[in-house]
Amino acid sequence: MSSSFIEEARKLWTTWNIRVFIIVSLSVQIFLILFAPCRKMEGKKMGKCVYLLIWSAYLLADWVAGFSIGLIVSEQIKSPAESNDIQALCKHNKSPVESSDIHVLWAPFLLLHLGGPDTITSFALEDNEFWVRHLLGLLLQVGSTAYVFVKSLPENKLWLPTILVSVAGIIKYAERNRALYLASFDQLGDRWVPSEWGDELPVPIEFQKMDKPMKTFEDSLKSILRTAVHHFGIIKMTLVGPHLSPNQCSDIRETFLEVRNSSEVLQVMEIELSLLYEVLHTKLPVVGCRIGYIFRSITMSCILGALLSFSLFKKYYKLGQFDIWLTYVLLAGALLLEFISIILLSLSDWILVACIQSMNPIFFKKRRWSRAVSQLNFITYHVRYSSVILKGIADLLGIRALFEAIKGILCLSFKDFKEGQEWYFIHEEVKGLSTFLMADDVSRPTGLEASHAWRSNSKRVLESFSNSSNIANILEELDYTKSVLTWHIATEIFLQQQEEDQQMPGSGTEEGLTSTCDRFNHKEICKLLSDYMFYLLIMQPAMMATISVSWKTVFEDTLAETESLICRTLISEASKEIFRLKPSVGNPKREIDRSVLFAASALAKQLKKSDWKSMSKVWVHLMCFAAINCKPQVHAQQPCKGGELLTFVWLLMNHMGVGTQFSSHY
């Protein structure tokens, strides 16, 4: 019975393997073209599962298409007797030879699928560096398709649609390879200066600097889009160098200081990062030019010609009904993918710029960033999922790092980024920093290490505190990593203590703290930036790597000391315990060398005499330092993940003229 079952399974596989894999390949292509752009707009909120699904589909697309071509080649290599035996198993086909012909016709469709949808050529920035491998894949797969076609001659009666689809498939696959090549790091410096693009832009654009604010809503939107494209070269310069000249910094800074308000600046940078995403991860640089339009017209014509020829002459082919239906699905699917690509291309920011005079402004107001800020809190991280048993099992299995990563994901939350609240405050602080640095003409020492540069500029920020000398004494021996963690824990303790004081009758704490809040809710700003910086430290260490080389040691030691001293299951209770800590408790050497728990407790006590506004400035200061010291290539990886607030701060600082200067003088 087992041999009978195996034989039936073999027959089923032999009959349906090519057909099933081709259907799967088409389904993956449709999924990618529809959902791949979502990672730019909803990358944060759509969840790790959906993001993993897109990544899996991206990897599966190439494998399924290549494997299907291999099955077709394998079928053609078989001897005539073997081929006849195999085809006789298929109940839907009347002629073995003509069934083989339809498989030869399906092979070029797989070239179309290997070319991929226009909305995703690479999943991550590193994928662009593998363009040579994709070029070899192009040669290999085109050679395999040509082999099965030549071997089917002269009996092949479907030669005309096969040739037409082959031409379309080769063009699509070549487009993907060229897109990967242009987005590779070696080519960025040669291709990204706007004045050098020429035909690479959809339509030549005359960039103009706007000397005065626009009078109408429509003109304002067009001005924002035009300004974003004009300054897109800044990203290129910061990614691949050389650094911006002083004159360029001055011109850019003048534009963003005198013309734009904070909301318009944010919109400009959203468009810039959207353009960056389209150039790095889509086919837009290839298909969004005149030669691209020509080849896309050829592709559409070939697919339509193949559909017409197959429809007219299918009655002369002795084909199974299912194979005819599947061929129509492949042709219709290819046309559908092309039409969707055209629609998405017409809505891209490059095309909007080309049609800026005639386009309805409603198309400019589209989402380009999730505007979701990740939140992670140290005390929450300590309280939740801190079971000793789970940690013991993780250590026993050697998966402690995986356990901590899963724990971080489970504790993760998101907050919507308010344009008129958090961003306005950040914009004003960076503008003030720019004015301060530009006004200081005294030559400053260069080549300072990040930790020493951090301490030198911290003094200016701490001057806003009434008890700045006491706070400075606490932070004196702390480097940047320890400072971030200390401020984060102290901010959370201070927040919990204030909420407890508010519940007490007759407390005047809240009144004193909010009297300087102006138009901002500084407590909310502090909470958002504090939890965001801790998230970067734990979940995005690559963005903090250049200035936080010891972050893991500092964090693990602080967490271990917290677990040994604090045994509470409620956040408020744990905060109280940390606040009550005294320096005499614990191991003094450990306190000084690595753990910052006692420093955070001491800082929280000093913050009771301070206000949220001064703390907000500290957090903007900490974030600016991290943003400008993060490698530009790491910032370039963020748009395809839903965007990071730190990347917007980095871009804002470059626009304000404190980019490369800031990293050396800060």
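View 1. L153 is partly exposed, with a relative accessible area of 35%, where partly exposed covers the range between buried, under 20% relative accessible area, and exposed, over 50%, for a 1.4 Å probe and protein chains only. L153 sits in the loop between α6 (131-152) and α7, helices being DSSP runs of H or I with at least four residues, and strands runs of E with at least two, numbered from the N terminus. The peptide bond that joins L153 to P154 is cis, with omega near 0 degrees, and P154 is found in that loop between α6 and α7. Most peptide bonds are trans.

This is a predicted model, in which local features need pLDDT of at least 70 and side-chain atom pairs count only at pLDDT 80 or more, whereas totals for chains, interfaces and linings use all residues. Residues are numbered from 1 along each chain as its sequence is written, and side-chain values use heavy atoms, with hydrogens and water left out.

**View 2. A nonpolar patch on the surface.** The patch is formed by L153, W159, L160, I163, V167, I291, I294, F295 and I298, which together have about 740 Å² of accessible area. The elements that contribute two or more residues to this patch are α7 (159-183) and α15 (290-313). Patch members have over 30% relative accessible area and no salt bridge, and nonpolar side chains (Val, Leu, Ile, Met, Phe, Trp, Tyr) are joined within 5 Å, like charges within 9 Å; the areas come from the Shrake-Rupley method with a 1.4 Å probe, and for residues only the protein chains shown count as cover.

**View 3. Helix α6 and its two faces.** With 22 residues, α6 reaches 32 Å from its first C-alpha to its last, close to the 32 Å expected at 1.5 Å a residue, the expected span being 1.5 Å times one less than the number of residues. The buried residues of α6 are H134, G137, L138, Q141, S144, T145, V148, F149 and S152. Seen down the helix axis, these buried residues of α6 fall within an arc of 140 degrees, so they line one face of the helix; the arc is that of the directions from the axis to the C-beta atoms. The face of α6 turned away from the buried side carries the exposed residues L136, L139, L140 and V150.

View 4. N177, placed in helix α7, counts as buried at 6% relative accessibility. Leaving aside neighbours within four places in sequence, N177 is in contact with W131, H134, L135 and L138, contact meaning heavy atoms within 4.5 Å. R176 is also buried, with a relative accessible area of 3%, and forms a salt bridge with D62, the closest N and O atoms being 2.9 Å apart; a salt bridge is a side-chain nitrogen of Lys or Arg within 4 Å of a carboxyl oxygen of Asp or Glu. R176 lies in helix α7 and D62 in helix α3 (residues 47-77), so the pair ties together parts that are 114 residues apart in sequence.

**View 5. The salt bridge between K527 and E492.** In this pair the closest N and O atoms are 2.7 Å apart. The bridge links distant parts of the chain, with K527 in helix α26 (residues 522-539) and E492 in helix α24 (residues 480-502), 35 residues apart. K527 is buried, with a relative accessible area of 18%, and E492 likewise counts as buried, at 4% relative accessibility.
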